[in-house]
Amino acid sequence: MQRLSGRRATSLRTEASSWSGLLAMARKRSSRTTFFLLSLPFLAAFTLFAPLPSLSSHSPPLPASSPIRVIGRKFEIKNDKFWKDGQPFQIIGGDLHYFRVHPEYWEDRLLRAKALGLNTIQTYVPWNLHEPRPGKLVFEGIADIVAFLKLCQKLGFLVMLRPGPYICGEWDLGGFPAWLLAINPPLRLRSSDPAFLRLVDGWWGNLLPQIAPLLYDKGGPIIMVQIENEYGSYGDDKAYLHHLVAVARRHLGNDLILYTTDGGSRETLEKGTIRGDTVFSAVDFSTGDDPRPIFKLQKEYNAPGKSPPLCAEFYTGWLTHWGENIASTGADFTAGALDKILSLKGSAVLYMAHGGTNFGFYNGANTGADEFDYKPDLTSYDYDAPIRESGDVDNAKFNALRGVVKRHSTASLPSVPSNTEKRGYGPIQLQKTESLFDLIDKIDPIGVVESENPTSMESVGQMFGFLLYTSGYAAKDQGSNLFIPNVHDRAQVFISCPSEDNGGRPTYVGTIERWSNQNLSLPDTKCASKINLFVLVENMGRVNYGSHLFDQKGILSPVYLDGNVLKSWKIVAIPFQNLNEVLDIKPIKEITHSRINKTSTLMNIKNTDEVSIEPALYAGHFVVDETKDTFISFSGWGKGIAFVNEFNLGRFWPSTGPQCNLYVPAPVLRHGENNLVIFELESPNSELVVHSIDHPDFTCRSSSSSLL
């Protein structure tokens, strides 16, 4: 893509300075498109929808602090070694991401990393978690990065910080906020596009001054800060990398070690590193590869004497997509590979030491040969790491890796904590509270986007969740053929006849998926009026790696009915509460549970054969006498999302697998009554029951899964 002209870039800089500017640009997509926020009466009726955050413009950068250097504290590179306070230092670290762990468990997981023998914690910083809307900065709760870094220091860890702005990490859009995708003209992500750099400068201008007082030579734990992430696997825009270095130096000073991480090949190192001694070049490579030739190659991309061997991502396991078997690697094999690196006096960072969970809608996705070869990640980010998703350490991999670290460590290792206690609270009876289409019927007309053609989720101001596209067409004796060339990511199609006796109840006719996109036959429907067409599109997670990173959601092409473009669409936003968003209207339980008694006779359906596929809300409660970790099993259910006490646990899809249940950390629970809300997209369990159990389960797999 060509560089933006100066005039276009200047125009974009003006418009992108506020969210209202972004919406203005979205409206330009069609002269007949109008945009309105969902009406408050509708939100009050359906408080699972996320509240729209403040639409304020960008906040000014926080004032830069100038903490005083602490005498005697220095972390540096010389003689091809790391040196800490004048003594050689071997980094034996691990990735542990604060945003994948409930804050009340940060200390627990760090103590387990300590027992593994680690002396350094590496973590990404996801821009989208901290700035979910332009200018709406979040640095509290699970996003309280300063508190996490101070806790690392309290427990004796050094920190390697990876603030991006791109992080990959199997995280939605590689950590970029999705509102970047709504800007017109489109940004060139991960490049020296001036409009993109301006937004990066604003983000780092808010983030870096907060971490500056936590640098090692200022008394804090941060020894190194990464520039971008594996850029050599993506591009070779050196001007972009140099710009990031300049911004980091401006906020963090000239003494801090900045580093890049790239795959251990000449091609990736040529493209992703900055030669000389300005930025240290680290490498990563497949577990089991011979580290010696890779570390030798690494030296070519560092100044003489400035290349301590460092594998910045030593893979303890691997990621898993929906429809795959859960990833696993052998404990002895992994430990033997780590031993080779440490025996060479090399340093290593375990990726992951503890994986955690992709709570909310933040899971990422990958692509294969093209953007249609789409592979969304699980909610669980267990990663087959030595510290499991729920914190368990009583496993062969933890013991094997700990044994290797112990042999190479000069200090004694802490004792190993016991596994976290878990509890199954038994069956949870649910009741259907309301169908999606009943809720849509209540929407005020001003809460709808009207457009000649479908438009993306981001362009209507929504970042996560679902969009409902509606149009109409004339009935034909032989039925009709529907084709949507480009849908991201999964569309359920319904039709209805308003003149029918049932009032035009929508009927499910099929699903169109990004990864297996095919024409859909619409049945012959005798209807005296125009047939209503409903297309419910789910955002299943944005691509986080590779050339198809610019991953907008929704219907991204014209819609063809019998070969003709279908016009005149209405679009309804259906965003649910996400991980870092706080409801500022009635809590979920006040709406969902107030309906249970009133609707129990009508809605408590036991036989799913009596109803077609219909997205709907289900709610129930369970009593907790002692708060312990638990897992909600969705055996027999279809696909959806779940909330416990208004906390978004993430997505479930047991019919595709391999993940059968969702992890519920004990801090999410409370003594006494707890509320569970499910948005089921397909068909519920015939008994409308889920089970709270005391163990994870990754054995779900359907031989007919379209993702296999």
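Tutor: Happy to! A residue is called buried when its relative accessible area is under 20%, and exposed when that value is over 50%. Keep in mind that this is a predicted model.

Student: Is Cys311 buried or exposed?

Tutor: Start from the cut-off: buried means under 20% relative accessible area. Cys311 has a value of 0%. That puts Cys311 under the cut-off, so the word for it is buried.

Student: Which cysteine is joined to Cys497 by a disulfide?

Tutor: Remember that a disulfide is a covalent bond between the sulfur atoms of two cysteines. Here the S to S distance is 2.0 Å. The partner sits in the loop between strand E21 and E22, 30 residues apart from Cys497. That partner is Cys527.

Student: Why is the disulfide of Cys497 and Cys527 called right-handed?

Tutor: Look at the torsion about the S-S bond. The disulfide is right-handed because this torsion is about 90°.

Student: How many residues apart in sequence are the parts that Cys660 and Cys700 tie together?

Tutor: These two cysteines form a disulfide, with their sulfur atoms 2.1 Å apart. Cys660 lies in the loop between strand E30 and strand E31, while Cys700 is in the segment after strand E33, so the pair ties together parts separated in sequence by 40 residues.

Student: Which residue in E22 stands opposite Leu467?

Tutor: Strand E16 (residues 466-473) and E22 run antiparallel, joined by eight bridges. Within E22, the residue opposite Leu467 is Val537.

Key:
Residues are numbered from 1 along each chain as its sequence is written. This is a predicted model: local features need pLDDT of at least 70, side-chain atom pairs count only at pLDDT 80 or more; totals for chains, interfaces and linings use all residues. Side-chain values use heavy atoms; hydrogens and water are left out. Two strands pair if DSSP finds at least two bridges between them. Helices (H or I, at least four residues) and strands (E, at least two) are DSSP runs, numbered from the N terminus. A disulfide is a pair of cysteine sulfur atoms within 2.5 Å. Buried means under 20% relative accessible area, exposed over 50%, partly exposed in between (1.4 Å probe, protein chains only).
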